[in-house]
Amino acid sequence: ARTTDGGARFGAALPITSWNCADNATVTSIAAGSAGDVFAYGPKLFVYSRATGRFAASPQPGPVLAVSAIGQSVWLLVERCSGSNAARRCALDLAESADGGRTWHPAKTQPPGGAGSGAPVQESALGQTWLLRTGQASGYVLASPQMNSHGKPDSASLSFTRNGGRTWSRSSVPCGQDAMSVVLARAPKGALAAVCGSEMAAGSQGKTSTLSADGGKSWTKPVGCVFGNEPCHNDAIFGGYVSQLAAVSARTLFMIGHRGWLLVTTNGGQRWRDVNQSIGAVNGGVAQVVFFGRNDGVVVGDSFNTGAVQIWHTSDGGRSWSKPVTPRLS
């Protein structure tokens with residue numbers, strides 16, 4: 001459904017697909033491009049056609065993890081697995097479309113690394129950034145953290161292309177702990193920020209944050225709250241499960257997730273605190289935070305009192321937020 005007033009009211013909902021309620025949903029996420037194209041995905045993919053006014057299935061070789069559109073240029077990341085049980089291995093494959101998702105072709109070369117073992121990455125990570133585009137031909141692919149078998153902290157493979165996938169450079173995001181997922185954000189001037197999340201337990205999760213000023217080549221030492229460290233259990237960063245990160249600048253970051261408030265740091269992750277209006281989703285589903293530049297931002301989460309989905313807006317970089325809007329369908 002479409003809104004033109006910031007989410008207070010939506011028009012008539014357009015059907016995408018259906019499934020047996022006893023099974024998992026065939027789509028869990030949505031992405032839209034500036035050219036009017038809309039993509040519903042995870043694990044299947046459905047593409048909205050402006051010609052027909054309907055969504056149509058777009059078969060892919062594996063579960064769709066991420067879709068990102070800039071104009072008619074669309075990138076899609078799928079999970080490809082082989083083997084079974086302990087020998088099972090999974091990789092991330094990038095496909096591209098130059099016509100708004102009507103046709104797809106694999107990238108010239110695939111991002112190095114990105115392979116996992118054991119369970120498919122789609123099943124093993126909640127709140128994971130897979131794809132972060134920085135332009136028509138440039139972007140990052142971020143794999144889930146890989147378990148270190150030598151008792152050292154985990155890290156996540158990060159690949160960058162500036163030529164649409166013809167070549168890739170590779171680095172890694174240090175987590176400073178045993179990690180199951182990692183979220184990534186890019187500030188308006190190019191600095192990168194990442195937050196790694198550990199195993200989830202009873203509404204809490206160890207989290208560490210790290211920064212990069214050189215496009216991911218090097219990172220600061222991860223700081224935060226490591227699971228099992230008793231002194232940090234009262235820290236704001238420990239509550240909830242991270243699902244999304246937004247960077248207003250290299251030092252001002254917003255983080256939100258399932259069963260957690262909207263958190264903010266103004267010193268690059270050294271210390272996090274709750275946003276005063278208690279914005280978030282401590283009662284329910286995965287929440288989202290998105291900034292459109294330095295000032296305009298949106299949070300989608302659940303009401304603390306009723307559990308209803310609500311939307312908060314800011315126009316001053318998150319210094320203040322509007323009263324929540326409860327979306328209504330026409």
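Analyst: A residue is called buried when its relative accessible area is under 20%, exposed when it is over 50%, and partly exposed in between, with a 1.4 Å probe and protein chains only. This is a predicted model, in which local features need pLDDT of at least 70 and side-chain atom pairs count only at pLDDT 80 or more, while totals for chains, interfaces and linings use all residues. Residues are numbered from 1 along each chain as its sequence is written, and side-chain values use heavy atoms, with hydrogens and water left out.

Side chains of opposite charge can pair when their charged atoms come close. A salt bridge here is a side-chain nitrogen of Lys or Arg within 4 Å of a carboxyl oxygen of Asp or Glu, and the structure holds three of them.

One of these joins the side chains of arginine 80 and aspartate 93, with an N to O distance of 2.6 Å. Arginine 80 belongs to strand E7 (residues 73–82) and aspartate 93 to strand E8 (residues 89–97), so the pair ties together parts that are 13 residues apart in sequence; strands (E, at least two residues) and helices (H or I, at least four) are DSSP runs, numbered from the N terminus. Aspartate 93 counts as buried because its relative accessibility is 16%, whereas arginine 80, at 44%, counts as partly exposed.

Another salt bridge is formed by the side chains of arginine 50 and aspartate 37, at 3.5 Å from N to O. Here both partners lie in loops, arginine 50 between strand E4 (45–49) and strand E5 (54–57) and aspartate 37 between strand E2 (29–32) and strand E3 (38–41), so the pair ties together parts that are 13 residues apart in sequence. Aspartate 37 is buried, with a relative accessibility of 2%, while arginine 50 is partly exposed, with a relative accessible area of 44%.

There is also a salt bridge between aspartate 235 and arginine 271, whose closest N and O atoms are 3.4 Å apart. This pair links distant parts of the chain, 36 residues apart, since aspartate 235 is in the loop between strand E18 (223–225) and strand E19 (241–247), and arginine 271 is in the loop between strand E21 (263–265) and strand E22 (273–274). Aspartate 235 counts as partly exposed at 23% relative accessibility, and arginine 271 is exposed, with a relative accessible area of 52%.
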